[in-house]
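User: Hello! I am new to this structure and would like to learn how to read its features. Could you walk me through them?

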Amino acid sequence: MNGIDLNNISLYIICFIGTPGVGKTTLGKELAARVGATYINVGDLAKEGELYEGFDEEYECPILDEDRVIDELEDKMNEGGVIVDYHGCDFFPERWFHIVFVLRTENSFLYDRLESRGYKGKKLQDNIQCEIFQTIYEEAMSSYKEEIVHQLPSNTPEDLERNLDQIIQWIEQWMKDNN
Ligand code: DAT
């Protein structure tokens with residue numbers, strides 16, 4: 001973004017959420033690279049620190065130890081300039097985020113992406129349903145002030161570029177308003 005270094009300034013915290021496969025990691029990493037922010041993938045953080053409290057046999061995934069994840073993240077949040085990526089957000093403290101983006105992907109695109117990731121059977125169907133029922137959007141709307149929750153279409157590379165442009169504009173405005 002035109003060489004503006006956003007490090008070392010009193011900074012925003014952005015959260016990207018959505019069903020697996022909607023493009024959070026792609027958008028989060030690219031945005032972080034363009035604005036010089038810290039990208040945090042909560043799933044990876046949990047894996048590295050083994051921040052789990054069991055295994056969910058039905059959904060074939062480890063169960064996050066939410067308290068330990070929050071403890072682990074708190075210091076980084078205080079520094080600001082952070083982009084958080086996770087599929088859900090209801091256990092994060094409300095005070096953390098200045099803005100929450102829920103990425104949304106149409107079924108046909110999402111199906112292909114999850115299938116090529118090796119999802120099948122119940123796991124694939126559950127994730128498609130999660131997107132159809134806009135589960136994560138509703139979770140965000142009930143966890144945060146509605147005015148900070150925004151949906152972003154994430155179907156095509158053009159959507160990705162448009163989202164990056166819009167969020168960078170939001171960051172620039174936020175920086176003007178808060179510094
Ligand atoms: P997530 O982090 O939400 O699980 P991802 O960033 O890993 O998703 O993306 C899943 C796949 O979809 C990956 O192959 C990249 C692709 N993808 C992401 N955003 C896209 C977009 N806007 N248009 C086309 N493909 C996209």
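Analyst: Gladly! Let us begin with a definition: a residue is called buried when its relative accessible area is under 20%, exposed when it is over 50%, and partly exposed in between. Please keep in mind that this is a predicted model.

User: Is asparagine 155 buried or exposed?

Analyst: Asparagine 155 counts as buried, because its relative accessibility is 13% and the cut-off for buried is under 20%. Asparagine 155 sits in the loop between strand S7 (149-153) and helix H7 (157-178).

User: Which residues is asparagine 155 in contact with, leaving aside its neighbours within four places in sequence?

Analyst: Asparagine 155 is in contact with Arg104, Thr105, Glu106, Phe109 and Arg113.

User: Now the ligand, please. How many residues surround it, and which are the closest?

Analyst: The ligand is surrounded by 15 residues, and the closest are Gly21, Lys24, Thr25, Thr26 and Arg117. You can then look at single atom pairs. In the side chain of lysine 24, an N or O atom is 2.7 Å from an oxygen atom of the ligand. With asparagine 155 the backbone takes part: one of its backbone N or O atoms lies 3.4 Å from a nitrogen atom of the ligand. For proline 157, a backbone N or O atom is 3.3 Å from a nitrogen atom of the ligand.

User: What does UniProt list for "binding site"?

Analyst: The UniProt record, an unreviewed entry, lists Gly21, Gly23, Lys24, Thr25, Thr26 and Arg117 under "binding site". From this set, Gly21, Gly23, Lys24, Thr25, Thr26 and Arg117 are found in the lining of the largest pocket. Such annotations may be inferred rather than shown by experiment.

User: Where does threonine 25 lie, and what does it touch beyond four places away in sequence?

Analyst: Threonine 25 is part of helix H1, which covers residues 24-35, and threonine 26 is in helix H1 too. Setting aside residues up to four places away in sequence, threonine 25 touches Tyr39, Asn41 and Asp85. Threonine 25 has a relative accessibility of 32%, so it counts as partly exposed.

User: How should I read a salt bridge, and how many are there here?

Analyst: The general idea is that side chains of opposite charge can pair when their charged atoms come close. In this model the count comes to eight salt bridges. One of these joins glutamate 30 and arginine 34, with the closest N and O atoms 2.8 Å apart.

User: Why are glutamate 30 and arginine 34 separated by about one helical turn?

Analyst: They are separated by about one helical turn because glutamate 30 and arginine 34 are four residues apart in helix H1. Glutamate 30 is partly exposed, at 31% relative accessibility. Arginine 34 is partly exposed as well, with a relative accessible area of 26%.

User: Which side chain meets lysine 122 in a salt bridge at 3.4 Å, N to O?

Analyst: That partner is glutamate 58, whose side chain forms a salt bridge with lysine 122 at 3.4 Å, N to O. This pair links distant parts of the chain, 64 residues apart: lysine 122 is in helix H5 (residues 121-132), while glutamate 58 is in the loop between strand S3 (52-56) and strand S4 (61-64). Both ends are partly exposed: lysine 122 has a relative accessible area of 42%, and glutamate 58 has one of 47%.

User: Lastly, backbone angles. What is the phi of glutamate 50, and what is it near for glutamine 134?

Analyst: Glutamate 50 has a positive phi of about 50°, although it is not a glycine. Glutamate 50 is in the loop between helix H2 (42-49) and S3 and, at 59% relative accessibility, counts as exposed. Glutamine 134, also not a glycine, has a positive phi near 40°. Glutamine 134 lies in the loop between H5 and helix H6 (135-143) and is partly exposed, with a relative accessible area of 29%.

How values were computed:
Residues numbered from 1 in each chain as written. Predicted model: local features only at pLDDT ≥ 70, side-chain atom pairs only at ≥ 80, totals over all residues. Heavy atoms only, no water. 1 Å grid on protein atoms, 1.4 Å probe; cavity = no way out; pocket = protein on both sides within 12 Å on 5 of 7 lines; lining within 4 Å. Helix = DSSP H or I, 4+ residues; strand = E, 2+ residues; numbered from the N terminus. Buried < 20%, exposed > 50% of the residue type's maximum accessible area, 1.4 Å probe, protein only. Contact = heavy atoms within 4.5 Å. Salt bridge = Lys/Arg side-chain N within 4 Å of Asp/Glu carboxyl O. Near = heavy atom within 4 Å. Polar contact = N/O pair within 3.5 Å; in protein donor to acceptor, adjacent residues only side chain to side chain.
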